[in-house]
Amino acid sequence: MRKLGLIWVTNRMHIEIYKYPAWGDVVEIETWCQEDGKIGTRRDWILKDLCTGEVTGRATSKWVMMNQNTRRLQRVSDDVRDEVFIHCPKTPRLAFPEENNGSLKKIPNLSDPAQYSRLGLVPRRADLDMNQHVNNVTYIGWVLESIPQDIIDTHELQTITLDYRRECQHDDIVDSLTYVEEGEERSMNGSASSVPHTEQRRQFLHCLRFAANGDEINRGRTVWRKLAR
């Protein structure tokens, strides 16, 4: 891939944490990648408590292949497929096998005025990856910057979904917008439930955009559960 100037770019990421580890807990992380269409791949994760075997979290992500020079998406060639997927599962295996699971739910386009915002976020050098673009973890941090403080104080993050739409570079300035989402919630195992938006479960939609022209960089959804006191 390096010889051909090809890179993987994150297209979507979905993370669910059912139980956060406490001090002294030992966590086992299992991860694997597999082919996903003609231009993509996916990587899944399962987190377990090593002592009990309890599944404490799951995650999945989709990646697309891009030409580093032209910035255009590119089909995965046979040579790349043979090199990358040789150690991947031969049969499809999903961290979220359930039908209608939360990782499949679409995030709507956000056009209404945001209820909460944090404007003028600037990338640091530590936020850049090897391609000199803002890394995926930084986007998560920027999304959380516009969450209202009372939610941070009384809830913990249960689920986050991010759709990546544009690259962000070191000299860009970013605005983080958050909207309250009314509607269905997700059960603890990722399947749909009819529980309404309540104080026990708070759900938000998010948008990261360039401050200069308003173009969308990233859109997301978070679900927060009430902290047990």
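**Figure 1. Arginine 71, a partly exposed residue in a loop.** Arginine 71 has a relative accessible area of 28%, so this residue is classed as partly exposed. In this predicted model, arginine 71 sits in the loop that runs between E4 and helix H1 (78-84). Its phi is positive, at about 65°, although arginine 71 is not a glycine. Most residues other than glycine have a negative phi. A second residue with a positive phi is asparagine 100, where the angle is about 60°; asparagine 100 is not a glycine either. Asparagine 100 belongs to the loop between H1 and E5.

**Figure 2. The whole protein, as background for the other views.** The protein contains 3 helices and 11 strands. Along the sequence they follow the pattern β-β-β-β-α-β-α-α-β-β-β-β-β-β. The radius of gyration is 19 Å, close to the 17 Å that the globule rule gives for 229 residues, so the protein is as compact as a globular protein of that length. Along the principal axes, the C-alpha atoms fill a box of roughly 55 × 50 × 35 Å. Of the 229 residues, 44% count as buried. The protein exposes about 13,100 Å², and carbon and sulfur atoms supply 52% of that area. Among the contacts with a separation of 6 or more, 70% are between residues 24 or more positions apart.

Figure 3. Strands of a sheet pair through backbone hydrogen bonds, either parallel or antiparallel.

**Figure 4. Strand E6 and its two partners.** Of the 10 residues in E6, 9 are buried, and the strand is mostly covered. E6 is joined to E1 by 5 bridges, and these two strands run antiparallel. Across this pairing, glutamate 16 stands opposite threonine 159 in E6. E6 is also joined to E11, by 9 bridges, and this pair too runs antiparallel. Two of the bridge pairs can be picked out by residue. Isoleucine 160 has threonine 222 in E11 as its bridge partner. Leucine 162 has glycine 220 in E11 as its bridge partner.

**Figure 5. Helix H2 lying across the strands.** Helix H2 covers residues 136-145, and its buried residues are Thr138, Tyr139, Ile140, Trp142 and Val143. What covers these buried residues includes strand E5 (116-121), strand E6 (155-164), strand E7 (174-180), strand E10 (201-210) and strand E11 (216-226). What caps the N-terminal end of H2? The cap is asparagine 135: one of its side-chain oxygens lies 3.1 Å from the backbone nitrogen of valine 137.

Figure 6. Threonine 60 is part of strand E4. Is threonine 60 buried or exposed? Its relative accessibility is 7%, and buried means under 20%, so threonine 60 counts as buried. The side chain of threonine 60 makes a polar contact with the side chain of aspartate 44, at 2.9 Å. Not counting residues up to four places away in sequence, threonine 60 touches Arg12, Met13, His14, Arg42, Arg43, Asp44, Trp45, Phe96 and Ser103.

Figure 7. Valine 9 is located in strand E1. At 18% relative accessibility, valine 9 lies under the 20% limit and therefore counts as buried. Leaving aside neighbours within four places in sequence, valine 9 is in contact with Lys62, Trp63, Val64 and Met66. Valine 9 and methionine 66 are 57 residues apart in sequence, yet their C-alpha atoms are 6.8 Å apart in space.

Notes: Residues are numbered from 1 along each chain as its sequence is written. This is a predicted model: local features need pLDDT of at least 70, side-chain atom pairs count only at pLDDT 80 or more; totals for chains, interfaces and linings use all residues. Side-chain values use heavy atoms; hydrogens and water are left out. Buried means under 20% relative accessible area, exposed over 50%, partly exposed in between (1.4 Å probe, protein chains only). Helices (H or I, at least four residues) and strands (E, at least two) are DSSP runs, numbered from the N terminus. Contact means heavy atoms within 4.5 Å. A polar contact is a pair of N or O atoms within 3.5 Å; within protein, one must be able to donate a hydrogen and the other to accept it, and residues adjacent in sequence count only if both atoms are side-chain atoms. Two strands pair if DSSP finds at least two bridges between them. The radius of gyration is taken over C-alpha atoms; the globule rule is 2.2 Å times the number of residues to the power 0.38. Accessible areas come from the Shrake-Rupley method with a 1.4 Å probe; for residues, only the protein chains shown count as cover.
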